[in-house]
Amino acid sequence: MGKSKDIVEKLFSLGLLKIKNVAELEKASSESGRDIIEEAVVTGLVSPDALPYIISENLDIPFIVLQEGDVDSSLCALIPYEIAWGEEVIPLSQGNDFVTVGVCDLLRPKLFRRIEKLTGKKARVALVGRDSIRRMLMSLYPPPIAISDKKISGHIVGDIDLPKFLATRDSSSLLSEILFQSRTAGIRVLILHHVSGKFVIEGREDSRSIVLLETPGNIGEFLFDGLKKLCGFRDGDPAVRERIIETGEGKRSGMYKVALVSGAGSKKAVIRIIPNALGKLSIDALGFNEDQLQALTGLISREKGIYIIASPTLDGVSTTLYSMVRFAKSPDSAVVTIEEDIRFKNEGFIQLEKPMLEEDLSIEKIVRTLSPDILMYSNLTIEKLIHETAHIYPSRVSVFAGIECKSLESAVEKVITSEASRHALASLMKAVVFQKLVRILCDACKKELPAIPSMYLDPEMVKSGKRDLLARMKYYIPSGCDECGGTGFSGMTAIFDMVVFSPSVRMEMLMDKREEEKREKILSHFRLGPEELIVKMLMEGQVTFEDIVPFLDLIREKNEGG
Ligand SMILES: [Zn+2]
């Protein structure tokens with residue numbers, strides 16, 4: 001004890017113990033019955049820098065070399081399977097009021113507290129080499145699927161802790177890890193299938209094909225189970241299912257497009273790795289202009305309430321909704337999505353498919369039973385949205401909803417003329433965003449026309465001071481080449497038009513005047529439109545005139561008004 005106290009005093013004077021004075025630690029140590037050093041380690045009061053010193057100086061924390069049979073297997077009941085494997089900890093011995101556990105890393109205060117909670121006993125610790133721990137785990141907590149090294153091979157075997165995932169029965173995390181390792185290795189497509197009694201994961205990069213993993217068939221079933229969990233597929237689903245999933249945490253996260261075919265007794269999955277996909281689902285990559293992005297992201301981070309994405313066809317709306325949800329959520333947000341057909345499967349979200357729901361769940365009921373911080377509806381009517389959310393005023397939840405609607409004007413009008421209480425609505429409504437997809441002309445084959453086709457020429461437009469713009473525009477039509485697969489277009493982009501319900505807009509909503517006047521005022525004063533983007537697209541010939549015509553009115557209004 002004298003030696004321990006010397007060490008503690010030395011560490012304390014060096015600032016390596018998170019205590020006010022040594023006496024405080026001594027008191028705790030005498031209460032728990034643990035050695036003073038052990039007390040500091042178990043309760044997490046030791047700085048990581050102090051550990052090597054403790055380990056080299058102090059023999060009161062034993063370093064144990066274990067042989068098979070050294071540990072009584074009845075002790076396994078003390079620590080559950082998942083914790084033992086997940087945290088690499090094994091029980092060593094127990095007394096009436098303490099349990100000694102073996103770890104290879106002493107800096108685990110959370111783990112020690114968890115074990116104290118689980119066992120109702122004081123935790124004591126011993127250091128055990130990592131190899132020893134792994135050997136003991138295999139014998140004390142054997143994985144339910146037997147593993148023999150000889151039967152497992154492949155390119156990524158060395159990078160994956162197969163026994164740990166099998167032992168913790170965590171099939172989805174194992175698959176997630178395999179996807180991450182494959183992506184790191186430059187693989188683009190993975191094929192999972194059974195080949196003559198074995199399970200094989202084949203990886204394709206450019207023209208090369210390599211065996212990433214080859215295992216006995218039962219591990220394959222385990223992995224197919226993990227894939228189904230990641231995708232949210234259920235038994236009884238159609239034989240062919242596709243889904244885009246996001247899995248992995250932090251830097252290990254990625255997006256993948258999964259196609260699973262399950263026939264009579266056979267299964268095959270093709271998984272495509274979507275490169276740089278996270279950027280595509282980021283709110284700043286959607287096509288908002290600077291002002292729109294700033295207003296919208298500022299509001300989303302500050303205020304809960306209703307965010308509407310209106311669109312004539314709902315094309316591309318789920319991408320926008322997802323990006324907004326991803327921006328709005330914090331690591332511990334509860335997210336619930338209600339979709340016609342799940343397009344992106346996100347880890348940690350509760351995702352419900354509308355056709356699978358037994359009844360038409362009301363927003364109020366979902367908020368009551370699942371208490372989400374964020375609720376996403378892929379397709380709803382404005383009437384239903386407002387009617388049901390008015391009940392949850394003041395809002396504890398952000399609702400992002402896709403609404404089928406032909407224009408921003410009509411969406412704003414529906415909001416203003418709704419029957420909900422004006423005060424509730426003025427407080428709940430945060431933004432109405434109108435989204436329309438336009439086709440981007442293929443740069444390689446688009447053809448320039450000498451003049452604008454007369455069928456698009458609106459005499460009023462020519463009159464209204466836009467002659468200049470029309471004269472400077474380039475008129476292109478699609479053609480078709482190898483690069484664009486003969487379509488004439490290289491992709492789609494979204495054009496956004498919006499009203500952010502700032503305090504001024506809310507005041508306007510509460511004013512005592514005709515709804516029509518309010519609508520006009522809001523649209524003429526508080527609109528964040530895409531005029532500049534449209535002019536740029538027309539000047540540069542990125543889009544056809546036909547696609548952009550519906551937005552030209554906007555430019556006229558602005559020019560005439562200002
Ligand atoms: Zn082309």
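1. Leaving aside residues up to four places away in sequence, Tyr307 touches Met324, Ser398, Val399, Phe400, Lys430 and Ala431, where a contact requires C-beta atoms, placed from the backbone, to lie within 7 Å. Tyr307 belongs to strand β11 (residues 306-311); helices (H or I, at least four residues) and strands (E, at least two) are DSSP runs, numbered from the N terminus. Tyr307 is buried, having 26 other C-beta atoms within 10 Å, on a scale that calls a residue buried at 20 or more such atoms within 10 Å of its own C-beta, exposed at 12 or fewer, and partly exposed in between. Although Tyr307 and Val399 are 92 residues apart along the chain, their C-alpha atoms are separated by 6.1 Å.

2. On provenance, this is a predicted model, in which local features need pLDDT of at least 70 and side-chain atom pairs count only at pLDDT 80 or more, while totals for chains, interfaces and linings use all residues. Residues are numbered from 1 along each chain as its sequence is written.

3. An open sheet of seven strands has the order β7-β6-β5-β10-β9-β8-β13, with mixed pairing; two strands count as paired if DSSP finds at least two bridges between them. Because β7 (208-216) and β13 (344-346) stand at the edges with a single partner strand each, one side of each is left without a neighbour in the sheet. From one strand to the next, the twist averages 25°.

4. Strand β8 (residues 240-247) and β13 run parallel and are joined by three bridges, and the partner of Ile244 in β13 is Phe344. Helix α9 (residues 171-184) packs on the sheet, and its direction makes about 120° with that of β9; helix α10 (residues 217-231) also packs on the sheet, at about 110° to the direction of β7. Such angles run from 0 to 180 degrees between N-to-C directions, with axes fitted to C-alpha atoms, for helices over the stretch in contact.

5. Which residues of helix α21 (residues 531-539) are buried? They are Ile534, Met537 and Leu538, and they lie on the same side of α21 because they cover an arc of only 95° around the axis, the arc being that of the directions from the helix axis to the C-beta atoms. Glu532, Lys536 and Met539, on the other side of α21, are exposed. Just after α21, Gly541 takes a positive phi of about 65°.

6. For the protein overall, the secondary structure comes to 22 helices and 21 strands, and buried residues make up 35% of the 562 residues.

Conventions. Contact = placed C-beta atoms within 7 Å.
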